[in-house]
Amino acid sequence: MAAIQSLLVALVVVNLAYLAVTRLKTLTRITALQGVLLAATPLAIAGPHGHGLILSLAVLAIKGIGFPWLVARTLSRLEVNPVVEPYFGFNMSLLAGVGGLLFSLWLESRLPFPPGLFPPLLFPAALTSIFSGLTLVVARRKALTQVIGYLAAENGIFLLGVPLAAQGSVWLELSVLLDVFVAVFVMGIALHHINKTFESIDVGRFCSLRD
Amino acid sequence: MLAALPLVPLLAGLIALAMPADGPRRWLLVVVGCLHLTLVGTTWVHPPAPAYGGLLELDPLGQLFLTLASLLFTAAAFYAVGYLRHEGAVHEKRDFQDGATFVNAPERVFSLCLCLFLSAMTVVCSTRNLSVLWVGIEATTLSSAPLIYFHRHRRSLEATWKYLVICSVGIALALLGNILVSVAFYDPVAPAASMDLADLLPLAPGAAKPWLRAAFIFLLVGYGSKMGLAPMHNWLPDAHSQSPSLVSALLSGALLNCAFLGILRAVQILSPAGLGPFCGELLVLFGLISMVTAAVFIVGLGDYKRMLAYSSVEHMGILALGVGIGGGAAFGAMLHAVNHSLTKGALFLISGNILAVYHTRSCHDARGVSRALPVTAALWTAGFLAICGSPPFGLFVSELAILRAMFASGHGLAATVYVVALAVIFVGMATSVCRMVQGPLPPAVRHPGPERVLSVASPLALLAAALTLGLYVPQGLTDVLARAAAAVSLGG
């Protein structure tokens, strides 16, 4: 139990770090860190055998290595300003993140969870990850941070699904992972086109489609 | 049989990617469409056995939406032959809106993505497993995004990005909904065998209700954003107006239905758990918000493709409303889905003909269509009358069925909003359509000469089907509609 608790605390810290980071490169590393921590959760919950092991390896390959590699590769090819440009400040984002964490801790104490399903702190860790991800999607200027935000939100949802994964089939879990991987890949291609066409990946420049 | 359905377009897509010659590749799309439609047609005669260990299983609900997707694809494939002959060549074109130059995406990739899109929609329609459904719907997003970005200019790129981000985040929320469904069904002693409806439905009465409620909200918001329910509809007018017209026809006529199917599967689970009325209330709320939003935006809209897109928001609202009211309205909603797909598919294809001649999406500049394109103008007018629910087209019958059920079940206020929204949208669309059809040809537009058969045959066939459904609904279709409606009855 101690292992999973330490993992979840680390995940919460990583989630908050998403909101405070000012460099795109660091943001990419945080994605990798979150992926590796996520890969460890099935092992910590279900033990290193069968279903949990396959899932853990797949998560490590896709979320721990695949995504950060894709994002880093896109970043190095784009030659963009390495600073994360926020719509509202880092301190405000972080404050909102802490607010989200407190809210999810409160929610965890109120919700009627099925006994024995979620280890303590898993629900707040997942919820703050979703929250941080969505914040990155809406409150950052660059299209690349939107992709990272989508990843962080998806990681949070994935974390919530880990304790339930033992009930489902590995096949479906893997196809979900593959789908998200292709999604990030397609977004990466779109990013290249955006950079080429707009000479920037600032979504603030998207203003030609109006009613 | 069912196992082959998603594989046929998948293989054809790979062949299309490898084919060097443009001409045969265009006809390959038609062959795929016809073959797929034939296979789907045989499922109406001989119900197919489940495939892939039960992951794919066709029920009336899925069969209905699968047939629509296949039909629309075939119509779009015929249209694509002429369209790609005109647009397919990779050389620099001038953007008629801002004058910048752009190229089209390679035609091979376009054909591949069209086939993958059909394959993904086939999976979505022919599964009763919530996880497979999710994977399929995400795959539809990914295969259709390159289709929207066929004309590689700024605006289509902006639309594609919005589509990708909004729909991906939306569908991620639907995944959260799926997880909450499994939390609701969590039982450490006797776990549910899978996320398949066949395994979940018998356990539904004992599932944890608060979690099911939360799951439904996430599934509704998640799949609803893909379906274009207001206020999550922002991507829809942009994507529909920027993509090639045959892609808009597929998005509106087939893809939105697939997303709706995701919500309907959730309704199927919640109803036996006694939460039917809860689903109904939310569906009615989102349905009415969508209709009112469409009515507000459609009036005075100067862009005829955006106008059609907002009309899709309206009709998705009507579908949600119909299922939310339940009873006769659910039957009406199923019939409405069929009629809307046929009519909207036709309208988008026709809008492509107008766009090809006038090089503008402005209702104010595309005037005198009846002089330049007499057949297209006639179809445009007929399609407008059909989509606004005028008799004798099928949408009149389905909209009336929903209205009657609303009054019969005591939803007087909702019925009033419904009728007012329909009336406002009729007036709003009539202004634009009448202005476009009548008047002199603008001096800058050259008379295009006789219209090509391939550009009008598909919309003509689709509209004829919508007209037929207004006069007579075949017994076989009525049976399937009734069984589909019974499957999503709210049971309360």
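Predicted model: local features only at pLDDT ≥ 70, side-chain atom pairs only at ≥ 80, totals over all residues.
## Overall build of chain A

Chain A contains seven helices and zero strands, and along the sequence its pattern reads α-α-α-α-α-α-α. Its radius of gyration is 17 Å, close to the 17 Å that the globule rule gives for 211 residues, so chain A is as compact as a globular protein of that length. Taken along the principal axes, the C-alpha atoms of chain A fill a box of roughly 50 × 35 × 35 Å.

Of the 211 residues of chain A, 55% count as buried. Among the contacts in chain A that link residues at least 6 apart in sequence, 76% join residues at least 24 apart.

## A nonpolar patch on chain A

A:Tyr87, A:Phe88, A:Met92 and A:Leu95 make a nonpolar surface patch of about 430 Å². A:Tyr87 sits in the loop between helix H3 (50–78) and helix H4 (90–110) of chain A, and because its relative accessibility is 41%, A:Tyr87 counts as partly exposed.

For chain B, an unreviewed UniProt entry lists residues 129–421 as "domain: NADH:quinone oxidoreductase/Mrp antiporter transmembrane". That span is 79% helix and 0% strand, and its end C-alpha atoms lie 36 Å apart.

B:Val123 belongs to helix H4 (residues 107–125) of chain B. Leaving aside residues up to four places away in sequence, B:Val123 touches B:Pro6, B:Leu56, B:Val132 and B:Gly136. The C-alpha atoms of B:Val123 and B:Leu219, which are 96 residues apart along the chain, are separated by 18 Å.

## Backbone features in the loops of chain B

Most residues other than glycine have a negative phi, and most peptide bonds are trans. The peptide bond from B:Ala230 to B:Pro231 is cis, with omega near 0°, and B:Pro231 lies in the loop between helix H8 (209–227) and helix H9 (235–242) of chain B. A cis peptide bond also runs from B:Pro391 to B:Pro392, with omega near 5°, where B:Pro392 is placed in the loop between helix H14 (374–387) and helix H15 (394–408).

B:Tyr52, although not a glycine, has a positive phi of about 50°; this residue is in the loop between helix H2 (22–45) and helix H3 (60–87) of chain B, and B:Tyr52 is partly exposed, with a relative accessible area of 43%. B:His359 has a positive phi near 55° and is found in the loop between helix H12 (328–358) and helix H13 (369–372) of chain B; with a relative accessible area of 46%, B:His359 is partly exposed.

How values were computed. Residues numbered from 1 in each chain as written. Chains lettered and ligands numbered in written order. Heavy atoms only, no water. Helix = DSSP H or I, 4+ residues; strand = E, 2+ residues; numbered from the N terminus. Contact = heavy atoms within 4.5 Å. UniProt positions renumbered as here; feature names shortened; annotations may be inferred. Patch = residues over 30% accessible without salt bridge, like charges linked within 9 Å, V, L, I, M, F, W, Y side chains within 5 Å. Areas by Shrake-Rupley, 256 points an atom, 1.4 Å probe, with all protein chains shown as cover. Salt bridge = Lys/Arg side-chain N within 4 Å of Asp/Glu carboxyl O. Buried < 20%, exposed > 50% of the residue type's maximum accessible area, 1.4 Å probe, protein only. Rg over C-alpha atoms; globule rule 2.2 N^0.38 Å.
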